[in-house]
Protein chains: 2
Amino acid sequence: MQVTTTTNGTEPAGTKVRLLESATDLFSRQGFGATGIKAVLAAAEAPYGSLYHFFPGGKQELGAAALTYGGDRYRTILESIYPEGRDVVEATTDSFERAAQLLEGTDFGYACPIATIALEVANSDEVMREAAADAFESWLTVLKQRFVEAGMTDERAREVAIETFCLIEGGVLLARTIRSAEPMHTAGRAASALVAAGLADSAG
Amino acid sequence: MQVTTTTNGTEPAGTKVRLLESATDLFSRQGFGATGIKAVLAAAEAPYGSLYHFFPGGKQELGAAALTYGGDRYRTILESIYPEGRDVVEATTDSFERAAQLLEGTDFGYACPIATIALEVANSDEVMREAAADAFESWLTVLKQRFVEAGMTDERAREVAIETFCLIEGGVLLARTIRSAEPMHTAGRAASALVAAGLADSAG
DNA sequence: GTCTATAAAACGATAGAC
DNA sequence: GTCTATCGTTTTATAGAC
């Protein structure tokens with residue numbers, strides 16, 4: 001009787017989740033290629049062989065699973081920042097301010113769980129690239145849905161979702177590199193303005 | 001009599017430049033950690049030891065030099081897209097369309113020469129992080145200068161420069177990951193609108 | 001079923017031949 | 001001054017002990 005199909009078990013699931021959390025954290029902050037599986041195992045306080053037990057496909061399978069895991073986690077956060085009914089301009093401003101605080105609070109160590117890895121594997125690993133693409137699309141879907149509920153057309157809502165995404169990802173990249181939260185504040189104001197413009201256009 | 005101080009020499013400089021070009025290309029598309037120096041040397045058709053001859057500091061020095069080299073090259077391109085006197089809204093639209101065409105023309109292999117590496121080293125290699133930061137700041141300076149010349153205040157010009165940067169970098173990240181030029185077109189329209197808004201505000 | 005000890009390969013770096 | 005052959009380490013992956 002196999003119980004390794006779900007991660008909802010009582011005891012044996014713990015190691016797998018710790019592995020995913022460590023992998024998401026290390027891969028996103030140091031890069032996928034630069035992080036050895038040994039470092040992931042050490043951070044998760046897991047024995048060597050457990051990686052190949054939970055992820056028979058080795059580092060690639062762990063990488064793809066970490067992208068899915070990190071993508072799901074941030075989607076949940078996004079849904080909590082944009083609860084149904086909340087003013088979307090306000091929520092947008094809030095999401096950038098939160099990211100800015102997180103960056104400053106972690107000495108600019110906070111990183112997008114997907115971006116670093118996505119840029120590395122976009123042209124070299126199709127399996128991982130698709131996992132990253134699915135994660136990004138799930139975020140865009142959440143944003144689009146909220147914008148539609150706020151009154152935008154489907155087409156306009158997707159555009160504004162993409163604009164918001166680009167500003168936050170570009171902001172994190174610049175903020176981490178120059179070690180300043182300035183880009184997050186600036187990008188946040190621009191995103192809020194674009195969301196407001198999208199609402200105004202659709203309201204005609 | 002040493003002639004290794006400049007890269008302008010007749011024959012011996014060729015290898016160094018080829019090394020920098022290969023490094024910039026491979027590091028930005030596959031990642032710094034995932035790319036071995038052997039692969040860089042092979043792409044540059046340079047013998048093994050030449051790397052340590054031109055870059056005694058090894059891989060780190062090559063990485064930092066590649067960031068400076070790639071940063072300078074794109075700054076030159078940026079200056080050609082935003083020549084003095086050209087309408088900055090038009091130039092902004094143009095820069096995103098060019099990036100979109102480049103992405104489609106290279107099967108989404110085109111990548112920012114800095115972004116991938118910057119995300120990898122932002123929290124692990126201070127020397128390379130500073131090289132990446134200098135490159136980004138040099139691009140922002142070009143944009144800001146053109147925006148000031150077009151009539152924006154210093155403060156507003158830097159803000160709009162940052163917004164444009166974030167949209168293009170976020171756009172390239174998303175486009176490469178989902179293998180579609182859609183984000184570049186969408187981000188381009190948003191950037192042009194933000195530049196136009198910046199001009200209108202300053203003209204107020 | 002869980003983990004440790006080992007193997008084969010690739011890495012960055014260097015010493016020394018030309 | 002230019003390059004090749006080699007060193008020691010670290011990497012991923014596996015085979016087999018418990």
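Reader: What makes the meeting of B:Glu182 and A:Arg158 a salt bridge?

Author: In this predicted model, the side chains of B:Glu182 and A:Arg158 come to 3.0 Å, counted from N to O. The term asks for a side-chain nitrogen of Lys or Arg within 4 Å of a carboxyl oxygen of Asp or Glu, and the pair of B:Glu182 and A:Arg158, at 3.0 Å, is therefore called a salt bridge. The count between chain A and chain B is four salt bridges, and 10 residue pairs are found in polar contact across the interface, both residues of each pair being at pLDDT 80 or more.

Reader: Which helices of chain A supply the side that touches chain B?

Author: Helices H1 (13-30), H6 (115-121), H7 (126-149), H8 (154-178) and H9 (182-203) of chain A each supply at least two residues of that side. The largest share, 15 residues, comes from H8(A). Sorted by class, the side of chain A that touches chain B holds 21 nonpolar, 10 polar and 13 charged residues.

Reader: How do you know that the copies meet through the same surface?

Author: In chain A, 44 residues are in contact with 44 residues of chain B, where contact requires heavy atoms within 4.5 Å. Of the interface residues of chain A, 100% are also interface residues in chain B, so the copies meet through the same surface.

Reader: How much area is buried between chain A and chain B, and what share do carbon and sulfur atoms give?

Author: The buried area is about 3,800 Å², and carbon and sulfur atoms give 68% of that area. On the side of chain A, the residues that lose the most area to chain B are A:Leu119, A:Leu173 and A:Thr177, which together account for 18% of what that side buries.

Reader: Why are the two copies said to be related as by a two-fold rotation axis?

Author: Two copies of a chain are related by a rotation about an axis and a shift along it. Here a rotation of 180 degrees, with 0.0 Å of shift along its axis, superposes chain A on chain B with an RMSD of 0.0 Å. The two copies are thus related as by a two-fold rotation axis.

Reader: Which domain annotations does the UniProt record give for chain A?

Author: The unreviewed UniProt entry annotates residues 19-64 of chain A as "domain: HTH tetR-type"; in the model that span is 70% helix and 0% strand, with its end C-alpha atoms 13 Å apart. The unreviewed entry also places "domain: Transcriptional regulator LmrA/YxaF-like C-terminal" on residues 89-189 of chain A, a stretch that is 80% helix and 0% strand and whose end C-alpha atoms are 10 Å apart.

Note on methods: Residues numbered from 1 in each chain as written. Chains lettered and ligands numbered in written order. Heavy atoms only, no water. UniProt positions renumbered as here; feature names shortened; annotations may be inferred. Helix = DSSP H or I, 4+ residues; strand = E, 2+ residues; numbered from the N terminus. Least-squares fit on C-alpha atoms with pLDDT ≥ 70 in both. Buried area = accessible area lost by both parts, 1.4 Å probe. Polar contact = N/O pair within 3.5 Å; in protein donor to acceptor, adjacent residues only side chain to side chain. Nonpolar A, V, L, I, M, F, W, Y, C, P; charged D, E, K, R; others polar.
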